[in-house]
Amino acid sequence: MPATIVQLADAVVADLNAATFSQPFTAQRSYLPRWKLEELATIRVTVVPKDDVGERASRAQWQEDYQLDVAVQQRLGASETAQMDALVLLGQELADYFKSRNPAGDLATLVAVAFAPLFDPDHLEKHKTLTTVLNLTFRGWRP
């Protein structure tokens, strides 16, 4: 059986791929969401397992906070501002979508949704690529 954080990432990927948003994409899980520039002609959504932080809750139980990043990336065309606005809106749609549901089932509970960062200025300046990251924090309990 995979690690809990991997199971959570797979659940988020499956949930995203079963939903419909303003712009089409196919989400996938990866540890390193790096794409060649030509691969970013279309929107790429990548779910990345990020952190697993445990804190003792009692003698017999640990509280685990699992963080996943959902990266939305696309190389920009001629209408940069309009395209960036649409991608940030897609990120907001994803955030709103997760705020109203818990794709993790019994594994953990979604407790926080944040943009961090809203976009990566280095990717924008060097590669003319918008990268926005949605951070999801799930909380679970383990013995």
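F21 and F25 are both buried in this predicted model. The structure holds 3 aromatic pairs, and two of them are set out below with their geometry.

| Aromatic pair | Centre to centre | Angle between planes | Arrangement |
|---|---|---|---|
| F21 and F25 | 5.6 Å | 20° | stacked |
| Y97 and F98 | 5.4 Å | 75° | edge-to-face |

The F21 and F25 rings count as stacked because their planes, at 20°, fall under the cut-off of 30 degrees. For Y97 and F98 the angle of 75° is over 60 degrees, so the pair is classed as edge-to-face. Burial extends to this second pair: Y97 is buried, and F98 is buried as well. Through ring pairs, F21, F25, Y97 and F98 are linked into a cluster.

Another ring contact involves a charge. The charged end of R44 is placed over the ring of W35, at 4.2 Å from the ring centre.

**Strand 5 and its partners**

Which strands pair with strand 5? R75 has T129 of strand 5 as its bridge partner, while V113 stands opposite L136, which lies in strand 5. Strand 5 is mostly covered, with 11 of its 14 residues buried.

**The largest pocket**

Strand 5 (129-142) also takes part in the lining of the largest pocket, as do strand 3 (62-75) and helix 3 (121-127); each of these elements supplies at least two lining residues.

The volume of the largest pocket is about 360 Å³. Its lining consists of 17 residues, and those nearest the pocket centre are P33, R34, Q73, H123 and T131. By residue numbering, Q73 falls within strand 3, H123 within helix 3 and T131 within strand 5.

Key: Residues are numbered from 1 along each chain as its sequence is written. This is a predicted model: local features need pLDDT of at least 70, side-chain atom pairs count only at pLDDT 80 or more; totals for chains, interfaces and linings use all residues. Side-chain values use heavy atoms; hydrogens and water are left out. On a 1 Å grid over the protein atoms alone, a cavity is a set of points where a 1.4 Å probe fits but cannot get out, and a pocket is an open set with protein on both sides within 12 Å along at least five of seven lines; lining residues have an atom within 4 Å of a point. Grid points are joined across faces, edges and corners, and a volume is the space filled by probe spheres set on the points. Helices (H or I, at least four residues) and strands (E, at least two) are DSSP runs, numbered from the N terminus. Rings of Phe, Tyr and Trp (its six-membered ring) pair if their centres lie within 6.5 Å; planes under 30 degrees apart count as stacked, over 60 as edge-to-face and the rest as tilted. Buried means under 20% relative accessible area, exposed over 50%, partly exposed in between (1.4 Å probe, protein chains only). A charge sits over a ring if NZ of Lys or CZ of Arg is within 6 Å of the ring centre and within 35 degrees of the ring normal. Two strands pair if DSSP finds at least two bridges between them.
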